[in-house]
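The stops below are given in the order in which they may be selected.

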Amino acid sequence: MDAVRLIVTSRRALAMGGGAPEILREVWQAQALAQAIGSRLAVAGPPELRGEALGLTELAGRGCGVLDTPRLAAGDLRAAQLTELGDARQALLCLGGLLGEVGIALVGLACAADDEATYWQCMEAIDAADESRDRVRDMLRKLAEGEQRLSEREAG
């Protein structure tokens with residue numbers, strides 16, 4: 001499945017909400033998907049993105065690591081369903097939106113947390129999601145700069 005379709009699926013699942021366990025499972029799924037997309041971009045993406053994409057992979061991996069690994073049925077791990085990136089820019093735009101929504105969901109969860117462990121788990125996951133989103137923004141900026149340089153060369 002292509003990256004944008006998987007991201008849309010994750011956004012819908014996150015929007016459905018539920019209790020803390022369901023939200024944390026969807027946050028974990030989103031970070032795992034960001035990690036998979038980062039890995040794909042690092043290996044086969046535009047050359048100007050490869051270093052940033054590797055950084056995204058590491059940050060998203062940290063985002064998964066601060067959360068308890070959810071129990072998922074075979075085939076439910078969205079990141080494992082990633083078969084193609086499609087348009088890198090579109091995938092990154094959608095991924096940035098997903099990571100923003102992850103941060104918002106985690107803030108709500110942290111504010112409603114009944115226990116300190118959940119609160120701090122949310123706070124660490126918020127940091128990881130924000131850093132991952134910043135990395136996505138950096139990659140989008142680099143793509144735009146590369147496109148601008150190419151346009152200038154073609155025009156000049």
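The coordinates belong to a predicted model.

**Helix α3**

Select residues 50–65, which form helix α3. Its 16 residues reach 22 Å from the first C-alpha to the last, close to the 22 Å expected at 1.5 Å a residue. Next, colour the buried residues of α3: E52, A53, G55, L56, T57, L59, A60, G63 and C64. An α-helix has 3.6 residues a turn, so residues three or four places apart point the same way. To see what covers the buried residues of α3, display α2 (20–44), α4 (88–112) and α5 (116–155), which are included in that cover.

**The nonpolar core**

Which residues have the most contacts inside the largest nonpolar core? Select I37 and L95, which hold that position in a core of 44 residues. The elements that contribute two or more residues to this core are α1 (3–16), α2, α3, α4 and α5. Centre the view on L95 and show its contacts: apart from neighbours within four places in sequence, L95 touches I7, A34, I37, L56 and V136. L56 is also one of the buried residues of α3.

**Helix α5**

Move to α5, a helix of 40 residues. From its first C-alpha to its last, α5 reaches 58 Å, close to the 58 Å expected at 1.5 Å a residue. At the start of α5, select D115 and A117: a side-chain oxygen of D115 comes to within 3.4 Å of the backbone nitrogen of A117.

Show E26, L33, R78 and L98, with which S10 is in contact once neighbours within four places in sequence are left aside.

Finally, select C64, C111 and C122 and display their sulfur atoms. How many disulfides are there? The count comes to 0. C64 is in no disulfide, and the nearest cysteine sulfur, that of C122, lies 15 Å away. From C122, the closest cysteine sulfur is in C111 at 9.3 Å, which is too far for a bond because a disulfide requires sulfur atoms within 2.5 Å. C64 is buried, with a relative accessible area of 10%, and C122 also counts as buried, at 0% relative accessibility.

Note on methods:
Residues are numbered from 1 along each chain as its sequence is written. This is a predicted model: local features need pLDDT of at least 70, side-chain atom pairs count only at pLDDT 80 or more; totals for chains, interfaces and linings use all residues. Side-chain values use heavy atoms; hydrogens and water are left out. Helices (H or I, at least four residues) and strands (E, at least two) are DSSP runs, numbered from the N terminus. The expected span of a helix is 1.5 Å times one less than its number of residues. Buried means under 20% relative accessible area, exposed over 50%, partly exposed in between (1.4 Å probe, protein chains only). Contact means heavy atoms within 4.5 Å. A nonpolar core is a set of buried Ala, Val, Leu, Ile, Met, Phe, Trp, Tyr and Cys residues joined through side-chain atoms within 4.5 Å. A polar contact is a pair of N or O atoms within 3.5 Å; within protein, one must be able to donate a hydrogen and the other to accept it, and residues adjacent in sequence count only if both atoms are side-chain atoms.
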